[in-house]
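Please examine the structure shown below. The questions and answers that follow concern its pockets, its helices and its strands.

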Amino acid sequence: MLADLGELFAAVPPEADTEAYAEAVVDENALGKQTAATRRHSLQRLRELYALDPRLPIFRVLRRLWQVDVSGRPLVALLAATARDPLLRLAAPVVVDLPAGDELVRSDLLARLRPVLADRLNPASLDKLARHLGSSWTQAGLLEGRVRKFRVDVAPTIGAVAFALWLGWLGGRAGAGLLASSWTRLLGLGGPAALPFALAADRAGLLRARAMADIVSIDPSALDPVVLVQQAAR
């Protein structure tokens with residue numbers, strides 16, 4: 001729902017509350033949906049994937065990065081959605097571990113999903129889910145192709161890497177461990193390859209990062225605008 005997210009953010013100012021997003025989608029039809037039912041469904045899916053609630057840190061970070069990292073928006077949206085959607089997290093290794101140029105094989109994806117979902121979804125629903133997952137990764141730039149989808153190298157941005165480091169920190173990682181989390185691997189990075197992006201994010205004022213010899217210090221907490229304001233007030 002990358003296009004819908006972009007249209008909604010264009011219609012609702014960053015300082016708005018959660019009710020403003022609902023009003024924009026349902027009452028003002030900011031997404032241009034044809035029926036009231038479609039508007040409500042779109043709002044539900046956007047909330048599931050992105051929260052649309054500034055009381056939640058992950059949404060505050062998403063909204064901030066949407067403003068400062070325009071080219072990274074597809075990856076930033078993917079990171080937020082993957083953090084909130086267990087099915088995206090479950091299936092992510094299938095595409096993340098795929099070498100560039102290789103085709104995403106539907107049966108491999110279904111084999112990942114079936115043990116968890118077979119008792120809840122019939123084969124047709126599982127196949128539809130697999131198509132939607134493939135579409136999500138294509139929109140984010142991890143895959144290309146309309147019917148047959150092939151792995152491509154990701155072009156990480158400073159904002160997307162900062163988000164990945166913040167998600168790793170939120171999960172309990174610290175220091176150099178933040179550079180080699182599942183979140184940085186989702187961006188095609190791991191370990192030392194992520195360090196230049198972290199240092200660039202520090203220079204951009206998104207987080208704090210230092211590297212001296214073998215010692216790496218990263219504090220992404222201020223990526224959350226609320227924390228940034230609190231730190232500035234001290």
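Q: Which helix gives the most residues to the lining of the second largest pocket?
A: In this predicted model, the second largest pocket is lined by Glu103, Leu104, Val105, Arg106, Leu109, Ala130, Arg131, Gly134, Arg146, Val147, Arg148 and Lys149. Two elements give two or more residues to this lining, namely helix H7 (106-117) and H8. The largest share, three residues, comes from H8.

Q: How many residues lining the second largest pocket are charged?
A: The second largest pocket holds about 180 Å³ of space. Its lining includes Glu103, Arg106, Arg131 and Lys149, and Asp, Glu, Lys and Arg are the residues that count as charged. Beside five nonpolar residues and one polar residue, the charged residues in this lining number six.

Q: What is the volume of the largest pocket?
A: The lining of the largest pocket consists of 21 residues, and those nearest its centre are Met1, Arg45, Leu49, His132 and Ser136. H1, helix H3 (36-50), helix H5 (73-84), helix H6 (86-96) and helix H8 (123-140) each give two or more residues to this lining. The volume of this pocket is about 530 Å³.

Q: How many residues in the lining of the largest pocket are nonpolar?
A: H8 gives the most to this lining, with seven residues. By class, the lining of the largest pocket has five polar and three charged residues, and its nonpolar residues number 13.

Q: Are H1 and H4 roughly parallel or roughly perpendicular to each other?
A: The axes of helix H1 (residues 2-11) and helix H4 (residues 57-68) come within 12 Å and cross at roughly 80°. Angles from 65 to 115 degrees count as roughly perpendicular. The relation of H1 to H4 is therefore roughly perpendicular.

Q: How many nonpolar residues does the contact of H1 with H4 have?
A: On the H1 side, the residues are Leu2, Leu5, Gly6 and Phe9, and they meet Phe59, Leu62, Arg63 and Trp66 in H4. Gly counts as polar and Arg as charged. With one polar and one charged residue in this contact, the number of nonpolar residues is six.

Q: Which residue in S4 is the bridge partner of Arg208?
A: Strand S3 (residues 208-212) pairs with strand S4 (residues 215-219) in the antiparallel sense, over five bridges. The two strands form a hairpin with two residues between them, and Ala213 in the turn has a positive phi of about 55°. In S4, the residue that partners Arg208 is Asp219.

Technical notes: Residues are numbered from 1 along each chain as its sequence is written. This is a predicted model: local features need pLDDT of at least 70, side-chain atom pairs count only at pLDDT 80 or more; totals for chains, interfaces and linings use all residues. Side-chain values use heavy atoms; hydrogens and water are left out. Axes are lines fitted to C-alpha atoms, for helices over the stretch in contact, and angles run from 0 to 180 degrees between N-to-C directions. Helices (H or I, at least four residues) and strands (E, at least two) are DSSP runs, numbered from the N terminus. Angles under 35 degrees count as roughly parallel, over 145 as roughly antiparallel, 65 to 115 as roughly perpendicular and the rest as oblique. Contact means heavy atoms within 4.5 Å. On a 1 Å grid over the protein atoms alone, a cavity is a set of points where a 1.4 Å probe fits but cannot get out, and a pocket is an open set with protein on both sides within 12 Å along at least five of seven lines; lining residues have an atom within 4 Å of a point. Grid points are joined across faces, edges and corners, and a volume is the space filled by probe spheres set on the points. Two strands pair if DSSP finds at least two bridges between them.
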